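Work through the following exercises with the coordinates open. Each task is followed by a stepwise solution.

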Amino acid sequence: MKQLNISDYPQQDLKERIVNFFMKFGTLLALGLIIVFFSLTNDQFLTYGNITDILRSISIVTLVAIGVTFSMIVGGFDLSVGSTVSLATVASGALLVWHSQELLVVLIVPLVLGALIGLINAFIVVKIRIPDLIGTLAVMYIINGVHLTYTKGYSIYGNMPMPDGSGTAPGIFIPAFQFIGQGRLFNIPFPVILMVVIVALVHLFLNYTRAGRLFYMTGGNKEAARLSGVPVNRYRTYAYVISGVFAALAGIVLAARIGTGQVSAGDPLLMDGVAAALIGYSVFGAGKPNVIGTFVGAIIIGILLNGLTMMNVPYYAQDIIKGGILVGALALTYFRKKE
Amino acid sequence: MSLLQVQQLTKSFGPVDVLKQVDFSVEPGEVHALLGVNGAGKSTLVKILSGDYEKDDGSIQINGEEVHFTSPSEAQAKGIAIVVQEVDTGLIPNLPVVENLTLDLTVGGKNSRPISWKKRRHIARERLAKVNTHIPLNQLIEDCTLSQKQMILLARAVASEAKIIIFDEPTAPLSDHETKQLFQVIEELKTQGIGMIYISHRMQEISQIAERMTVMRDGKAVAVYETGKVSSEEVIQTMLGKQLHKADYHHRKISGETMFEIEHLSVPETGKQVSLTVGAGEIVGVAGLVGAGKSETANAIFGVTNAKGKWFVNGHSVSIKSPRHAVNAGLSFIPEERRKSGVLIDSSVQENLSLPALKSFSPAGWINRKKEHQSALEQIEELGIVTSSPKALLKHLSGGNQQKVSIGKWLNHDSNVFIFDEPTKGIDIGAKNDVFRLITHLADQGKGILYFTSEFDELLQIADRILVMADGEITDEMQNQEATEARLMTAAAGGNAVETVEYQRLSAARP
């Protein structure tokens, strides 16, 4: 049989090539331009301190976004990650301050809670078959309500007065816990190391293991995957659990970073996480959720926020830019999708 | 003067010339069939005529008037209507039949005046009557059968006072009876002087309904024949442009051991029970008209739907509650809806081919990509899959090549039983012969084959034993040597005597 080769079409016209180039590298190009722009307008921008600042600030968003990426890979969506972050933040705070627990407990309990929320999401979406957007929206409300009810609406900090008026809380945010958010290894912030290691591991997992492939296959065409013997509902369940666990991990890092159990702290992370994952579609023209892309997406958002803040753009106006970037990245992905 | 006269029509997409100086014409009251293997340029020609694409060069004349379409609405205004193959793209699923039929009154530009429901129903009924069809006017489109939807599209085309109607493989989803009904309507349209372009792969139908046929190959109109003055063989050879190796049935030796058996399988959708056996190395065909419950049965056997019954593979009882169980029990399934459930079109050829046997490529959980790639290369060579590389996305392959992937992916897996559901649907004759060769090859290796189809001539070519299904039940069984197309057709329609009666009534009612 005749093999068709790309070289059979040598005169691929210029317009086509330009479009292809932008589909592949448009997002990275935008990232480069943003960096150049900020470093020209502000000489503090490209300093070691600021770069580590940026990376540290995006580490939490990246963790949330990785979870979102998993749910998107299986063709789902998880709106509850923001409230899961809040719950995990509050839970670790409460364990430290109200119950004076050890580091291990403070780490494990929120992660288990995150996994539980993932299981609830999976039950609602996979088993009951409520559409993902609506089902996880409902869970988002529930989790929000749960964590506010638990703290009676108070944020948690060391030796705070107990909400029920029974004196002062016994515990504090222990240094070992705070290290997760504030510590440094080899002069690199610990959360940055955590983020980079996790991004690398997840990338390897998704691209080089059987399980990773099956996540993608499930999202690619659920019915075809099922007929090929893939247990698709099991993988969809795994994806929601992983999403919940990553959100919980983000919550732990957030609590350690700010040193309090702030209520509703995770709310803004939902949209940033989703935006990072969506921007990731366009990186290298992948056209599908992928963790490297998600990481780049988080970097773009982080740099924008940092740079705009340095330029004294108020935080409420920064959303306009974020939205614009998202439209641009999605345009690169979807512009030529209708074939 | 011809109704439609196409001269020297040329079209290219980038560097690829898809139409090369095509001449084509349709007379009033004529059905002109358009034949050609996939990729011959039929669709492009039709899309230019219906205004979907713009022509590059050449002339199109309607009644001697030169036309140039830049949009489908311009083509419609000049009296060209098309009954598309994907009927759902032309209809609004959550609206009732009456509104879909009279859509032009709702959105009809200057003619859109308020109109009473009574009048609308009246118009809708008239339009349906013109195509000899009765469909409850309040029925929602989503509850209509494929043939009903097609009739609604046709009724709309007729109502728009089209002079030329294009049919794109209209009978593919239709049962025998529905096909006859459609042909009656076409005959009537002929008497009204409407010219029709009829795209089909089915030679028998074409000789029945068409006056002339144009054969296309590689973007050229290579021959025009008058129906009846040419043999099917010759037409098929012209289509292929090479000698056709017909996969004629030759008797194969079968050991007689039972490889696969189902007992009292209750199929949920049909509510009927099915029992059958497949021998090692045996190709068992299941013949049935559209709507006989073949796909439902095939799905039930593979555990896609929740069916109850007993399965035996090599004499061992197995429990199959999901496709996963079926795969583990050594079953393979090539479903009818290829793009929907057979392959992952957004994934690469390589990823599709390795999917069912992914475990063998990743013993410790890590995928051996080199091995995967190598195996894909071998399979591409072996199955004759035309693709730029194993990493090409499946959506860029033609239907026939997608089907080869849909079959090929099971060859890595240790399967004993292969279930095919309409495997030649929408693929050209070249690919079809490749598929047949593949199936025969599998049987020669001792695999058991179950082959569900409504194309009876295929079973005569390939099946060792043929079961006939009607209304969800197996009504007849015969060895290949005993089978004829006539006997199969009779048995397949046998469970449905009403249909024959109704057809006679309809024929009698015609003027």
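The model is a predicted one.

**Exercise 1.** Check the length of helix α7 of chain A against its residue count.

Solution. Step 1: the helix runs over residues 190–208, which is 19 residues. Step 2: the expected span is 1.5 Å times one less than the number of residues, so at 1.5 Å a residue α7(A) should span 27 Å. Step 3: the end C-alpha atoms lie 27 Å apart, in agreement with that value.

**Exercise 2.** Which residues of α7(A) are buried, and where do they lie around the axis?

Solution. Step 1: P191(A), V192(A), M195(A), V199(A), V202(A) and L206(A) are buried. Step 2: these residues cover an arc of only 100° around the axis, so they are on the same side of α7(A). Step 3: the face turned away from this buried side carries V197(A) and L201(A), which are exposed. Step 4: among the elements of chain A that the buried residues pack against are α2 (48–73), α10 (232–258) and α12 (291–310).

**Exercise 3.** Describe the open six-stranded sheet of chain B.

Solution. Step 1: the strand order is β6-β7-β8-β3-β9-β10, with mixed pairing. Step 2: β6 (80–83) and β10 (220–226) of chain B each pair on one side only, as edge strands. Step 3: neighbouring strands are turned by 20° against each other on average, direction ignored. Step 4: β6(B) pairs with β7(B) (residues 164–168) in the parallel sense over four bridges; I82(B) has I166(B) as its bridge partner. Step 5: helix α9 of chain B (residues 232–240) packs on the sheet, touching β3, β9 and β10 of chain B, and its direction makes about 30° with that of β9(B).

Terms used: Residues numbered from 1 in each chain as written. Chains lettered and ligands numbered in written order. Predicted model: local features only at pLDDT ≥ 70, side-chain atom pairs only at ≥ 80, totals over all residues. Helix = DSSP H or I, 4+ residues; strand = E, 2+ residues; numbered from the N terminus. Buried ≥ 20, exposed ≤ 12 C-beta atoms within 10 Å, placed from the backbone. Arc of directions from axis to C-beta. Contact = placed C-beta atoms within 7 Å. Pairing = 2+ DSSP bridges. Axes fitted to C-alpha atoms, helices over the stretch in contact; angles between N-to-C directions.
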